[in-house]
Amino acid sequence: MEKLDFLINYLIKENESIEVKEIQQNTSDKKRLYRSLCNIREPLPISEKYIKIENEFLKKENTNKGIVESNAIILFIKYKESQICLWKGDITTLKVDAIVNAANSQGLGCFIPCHKCIDNAIHSASGVQLKLECNKIMQKIEILQTGKAFITNGDNLPSKYVIHTVGPIIYENVTEKEILELKNCYINSLELAKENNIKTIAFPCISTGEFRFPKELASKIAIEAIKEYLDTNEKYFERIIFNVFSDEDYKICLNNLGEIYGRI
């Protein structure tokens, strides 16, 4: 509790525009406040003491959530030299070489306090260092183009790296351009993973939440894109995980994996 209090007080004190009339003493409320303060924080320099205490706090928090080893996930099928897996759960608990973040074009994480998107979840579990590292990269590229990707450290996450990619936003009907952009999210993420000697990687359902890409179609594009990549990179990846969070997504992905790869 002492570490959490320090983090909250630091974040409030450094930002004069924040008004917190009363800090609740309930631990869950404090954790929500801390997460909210991190979410809205701009990528500004921060003290080494803060980083040290936040690292200690988040390492313990993430361990308490339960860390999932990649080899504990049930194999769906082996394609070429890669193990293809489907897993339902919190991607921030996966101990893999890299997890993929469904980011936005700003590339700095979600600024909406405690938003339920994966971008928010990953940044919240990793800590403010992730936003700072993203900011250094974004200062060079200015905008993360749809279908492109960049890589950062995982910081306090069980995963060593995070690959950030931005999927297409659907406003009306899905176009061929948007289909290609979503495919490129997976291809470019895999290419970046290969360049960084990443052998195990987990993908979420990119663009199917706030970006409104139809789930069924998005799932087929993802599975086919990865299969296509493995056809020319068959000896590289050890394990590729399709990570879903809802029963609906699990059922969709399971059916499409069966149709595209064939069952065990």
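**Aromatic rings and their neighbours**

Phe-6, Tyr-10 and Tyr-50 come together as one aromatic cluster. The model is predicted, so to speak of local features a pLDDT of at least 70 is needed, side-chain atom pairs count only at pLDDT 80 or more, and totals for chains, interfaces and linings use all residues. Residues are numbered from 1 along each chain as its sequence is written, and side-chain values use heavy atoms, with hydrogens and water left out.

**Ring pairs**

- You'll find seven aromatic pairs here; rings of Phe, Tyr and Trp (its six-membered ring) pair if their centres lie within 6.5 Å, and planes under 30 degrees apart count as stacked, over 60 as edge-to-face and the rest as tilted.
- Tyr-186 and Phe-203 make a tilted pair, because their planes meet at 40°, with the ring centres 5.1 Å apart.
- That pair ties together distant parts of the chain, 17 residues apart: Tyr-186 sits in helix H6 (residues 176-195) and Phe-203 in strand E8 (residues 200-203). Helices (H or I, at least four residues) and strands (E, at least two) are DSSP runs, numbered from the N terminus.
- Tyr-236 and Phe-237 pair up edge-to-face, at 5.0 Å centre to centre and 80° between the planes.

**Buried rings**

- Tyr-186 is buried at 2% relative accessible area, and Phe-203 is buried at 0% (buried means under 20% relative accessible area, with a 1.4 Å probe and protein chains only).
- Tyr-236 is buried too, at 15%, and so is Phe-237, at 1%.

**Charges over rings**

- Lys-131 has its charged end over the ring of Phe-111, 3.9 Å from the centre (NZ of Lys or CZ of Arg must be within 6 Å of the ring centre and within 35 degrees of the ring normal).
- Tyr-236 has Lys-199 over its face, 3.8 Å from the ring centre.

Technical notes:
Buried < 20%, exposed > 50% of the residue type's maximum accessible area, 1.4 Å probe, protein only.
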